Amino acid sequence: EESLNWDATIGQYYMGSQVISTYLSDTLLISELTNKYDTAIAGWQNKSLIEIVRNDFGYVITDQSKIYDESINDWKTIEKIEYVRNENSLVSKRTTSQYNYEQNMLAYVNMTEYFYDAAGNDTLSILRIWDNNISDWKQYSKTNKKFDQDNKVIVDLDNSWNDELNEWYPTWKKETVYNEYGDFDTITYSKWYLAYSFWYGKDRHIYEFSDNHVLLEVLNQEYDLVYGVWENYNRAIWEYENDKLRNYIFDWWDDSGVWYHDTYTTRSYNAEGLLDTIVANHFGSPETSWDIIERTIITYGEHGEILELQYDHNHSNTNWVLEKIISYYYSEYVLFNSVSENLQLDFQVFPNPSKGVVSISLPEMIGKRANLSVFDINGRLIKSLVLNDKSPMIDLSELTKGIYLINISDGVQHGTKRLIIN
C-alpha cells in the first residue's frame, strides 16, 4: 500500500510512504514493513517493522515492533510481546519487554497471567511489573471475574497490591445485570472507600433495547454520595425508521431538571436504501438553537460501491463550505465478486471518551458475525474479537489512557471510529 502526497506548488503527487504486508494465509499477518520515500536518494528508506511469530495453529507467540536505526544500519527492537498458551490455545501468560535506552537493551516491563474456568472464561488475571531494584517481578494488580450460566460477566472486581501490608485490597467493581432477553439492563461501577472500608456507587449505565436487540438509548448517571441517590448525567438516543438508523441524539442533564441538547446527527438514504447523507448538528446550550456544522455526502457506483465521500462544514448556518473529497477506486474483483451494498460501515461507539467499557451500535445491514479490531495510535493491533450481537458491549478497561482506533468488518463492509480512553 503506497500513499501519495499532493504538492500544490508543482501541481502533482509525490511519493509519501509505503507499507508492505506479508501473510501466512489470507488473514494471518506475520510482518508489516513501513518505508518512507527519500527524495534525496529517490528511493525508499526503512522506517518501522512489525514481526509476528505464530504457532502451528496460527496463534501469535511473539509480536515485535522495530525501528530502523540509521546509526547502526540495522533494525532495533523497541517492544516485544511474548505469549504462552495453554492446551486450549488460550493465553496463560503475556510478557512485555521494551527497549531501555539507559541499558541499551530490551528490558522487562510487565507480565500478566490468566486463569480460566472449565468453560474457558478468564476468571482471574494477575498483573506484575518488573522491579529493577530486586531484579524480579512484583505484584501490581489483579482482576477477578464472575460469570453467569450463559458465560456472561456479571461481576468484575479490580484489586491493587499493597506493599506495606503485603496484601491485596479492592479498588473498583463493575456489576452487570442483563434483562430476560440477554441484553444489558444496567452496568454499575463502584469504588472502594479504603479509609472506611465500604463500596460506594460511582457511575451507572441504564440500557434500552428494541425487541430485536438493537440499542435505542443509554442513560448515564452519577452517584451523589452526600444525598445517597443516583442523578442523571447524560444520555444517547438512537432513532430508527423502517429498521434504518435515522437520528442520533446526545443530551446533557441540567441541574434545573431538564435535558439540553448537545449533538443531533441525521441520516438519509437513497432510493436503493443506501446511506447517502449524514448531517451533524450542535446545540450550544438550552438558550441557543441548532447549528449545522458538518455534512457527509456519499456517492455510489452502479454496483453499490462507494465512489466518493464529500465532507462539508458550516459553522455559521450560512453556506456549506467544501472541506475535502475522498475518492475510491476498485478492481474488477471487488466490483463483480462482492455482494456489498455499502462498503463503508457506519457504527456508533458510546460513551466516547470512555473509562474502557463501551457500547457499540451496529447498523441493520451488517452480517451475522463481524470482526472487531482495536489499534493504538501507531497502528498496532491491541485486541481482536468476534461480534455476534448488533449492540455488543466491549470491555477495554485494561487499556492505558490514550487514543485508539476501533475497526469493524464483516468481510464485505468495514468502518473505523476513534475512541478515547481516559
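In what follows, Ala, Val, Leu, Ile, Met, Phe, Trp, Tyr, Cys and Pro count as nonpolar, Asp, Glu, Lys and Arg as charged, and the others, Gly among them, as polar. The model is predicted, so local features need pLDDT of at least 70 and side-chain atom pairs pLDDT 80 or more, while totals for chains, interfaces and linings use all residues. Residues are numbered from 1 along each chain as its sequence is written, and side-chain values use heavy atoms, without hydrogens and water.

By class, 19 nonpolar, 16 polar and 13 charged residues line the second largest pocket.

Aromatic rings of Phe, Tyr and Trp (its six-membered ring) pair if their centres lie within 6.5 Å, with planes under 30 degrees apart counted as stacked, over 60 as edge-to-face and the rest as tilted. The count comes to 21 aromatic pairs. Tyr 108 and Trp 137 form a tilted one, 5.1 Å centre to centre with 45° between the planes. Because Tyr 108 lies in strand E8 (residues 105-116) and Trp 137 in strand E10 (residues 136-147), this pair ties together parts 29 residues apart in sequence.

Phe 184 and Tyr 207 are likewise tilted, at 5.7 Å and 40°. Together with Tyr 178 and Phe 209, they form one aromatic cluster.

Terms used: Helices (H or I, at least four residues) and strands (E, at least two) are DSSP runs, numbered from the N terminus.
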